[in-house]
Every structure is written in C-alpha cells, then in structure tokens.
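Please work through the following exercises with the structure in view. Each task is followed by a solution in steps.

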Amino acid sequence: GGWSPIQRYWQDPTPANRKELRSFLTPEATKWQYTHGVADPAEVAPESYTLDSALLSRPGNDEIQLDLFLDYASNVALYPKFQAYFAEHKPPLLAVWGRNDPFFLPPGAEAFKRDNPNAEVHFFDTGHFALETHAVDIANAIREFLGRTVAAKRTPRRQRIGLISLPGAGIVRALCPAGSEVRWLILFPEMRRSASQAGRPR
C-alpha cells in the first residue's frame, strides 16, 4: 500500500530507504495524489497540484519533506491516546472521508465507531484530497452535524466537539457555532502538503 515505503523508513531510517521516498515528491506523484480515486480527474483544478509541485521543488524542501515522513511516526504513536479520549468522553464526532483514498483507507474511518458509538462517518466518492472535488458536500455535512449536535441544543458555555476532517481547517472553524471549542480537530492528511506550502506543519 501507499504507506509501505514510509513504514520501512520508520523501522529502518537508512539513506537507501530515505532515497526511496523521493519518488513521492515528483510532479507526477503529486498529481497522482490529487487525482487517484476521483471519478473525473478534470474536476480537480490543475493549479492545485501544479502549485503544490512548485512549492515542493523549492531548494531544500525535499529534505524537509523526507524529515516529515520520518517524524510522522510520532503521530501514529499517539493514536492510542486519541482512541482512549474518544472511548472515555464519547464526544459528538464527525468523520468525512474520501472512499478511494489510497493512504487513509475506509477501515480507518470506521474504526472511530469502535471507540466512540457517537461517531458518524461519511464517505464521499473521491480520493485523498476530498475537498478538491467535494468541498460543498463536506461543508454541508459539517454544518448539518453541528446544527444537529450543538447549535440546536442547549449546551454548556464551552461545548467540546470532536471533528475528524479532511484538509480544510478554515471550513471547520467557519462552521463552528459561537462559543464552541473544537477539542479534537484532526486534519487528514496534510502530512506533506502543509510543509511544502508553509515550511512547517499548519
């Protein structure tokens, strides 16, 4: 799968395994990550992967990306803490997901229901960057979820909400009701693109 070479690098961070990951940084690989699993690739704005590739090609940025690939293991190591929080507190939780994402597969989304019976999982017929093709649908799903679980009910002054979102913190923040606190906002999968655009994770 898409994680196999990255996992090998976690387990054995040799120069050879690091070099193997450079294939993820090519313009062809970047475009593939945007268009794989999309019913009509023409729906993906070409400037998205073109600008991403241009930013990835900045001098020295390739080494930053390879460092991030290695450091991402620290995020995976925190999964038990995320799972324990959801199991103990069971906050309202919405997960929106690209059904055809080659990196974050559907079972990963369904697993939230194992820890939190309040979890709601919505799949969209798209790939890794779901907002590229389904921004309106995802925004509507988030708005409906918040209206049903938060805005339409009397809540404490600081309502804690669990949101599992695809890239697009701005959409989530814009849709959160006044006085609410996003306790868990997990953005998938900006592991690579965030640093390519800003030089550091957002």
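**Exercise 1.** Which residues in helix 4 (residues 46-56) are buried?

**Solution.** The model is predicted: local features need pLDDT of at least 70, side-chain atom pairs count only at pLDDT 80 or more, and totals for chains, interfaces and linings use all residues. Residues are numbered from 1 along each chain as its sequence is written, and side-chain values use heavy atoms, with hydrogens and water left out.

Step 1. Helices (H or I, at least four residues) and strands (E, at least two) are DSSP runs, numbered from the N terminus.

Step 2. Buried means under 20% relative accessible area, exposed over 50%, and partly exposed in between (1.4 Å probe, protein chains only).

Step 3. The buried residues of helix 4 are Ser48, Tyr49, Asp52, Ser53 and Leu56. Viewed down the helix axis, they fall within an arc of 120° (taken from the directions from the axis to the C-beta atoms), so they line one face of helix 4.

**Exercise 2.** State how many aromatic pairs the structure holds, and classify the pair of Trp32 and Phe103.

**Solution.** Step 1. Rings of Phe, Tyr and Trp (its six-membered ring) pair if their centres lie within 6.5 Å; planes under 30 degrees apart count as stacked, over 60 as edge-to-face and the rest as tilted.

Step 2. There are 14 aromatic pairs in the structure. The ring centres of Trp32 and Phe103 lie 6.1 Å apart with planes at 85°, so this pair is edge-to-face.

Step 3. Trp32 is partly exposed, at 39% relative accessible area, whereas Phe103 is buried, at 8%.
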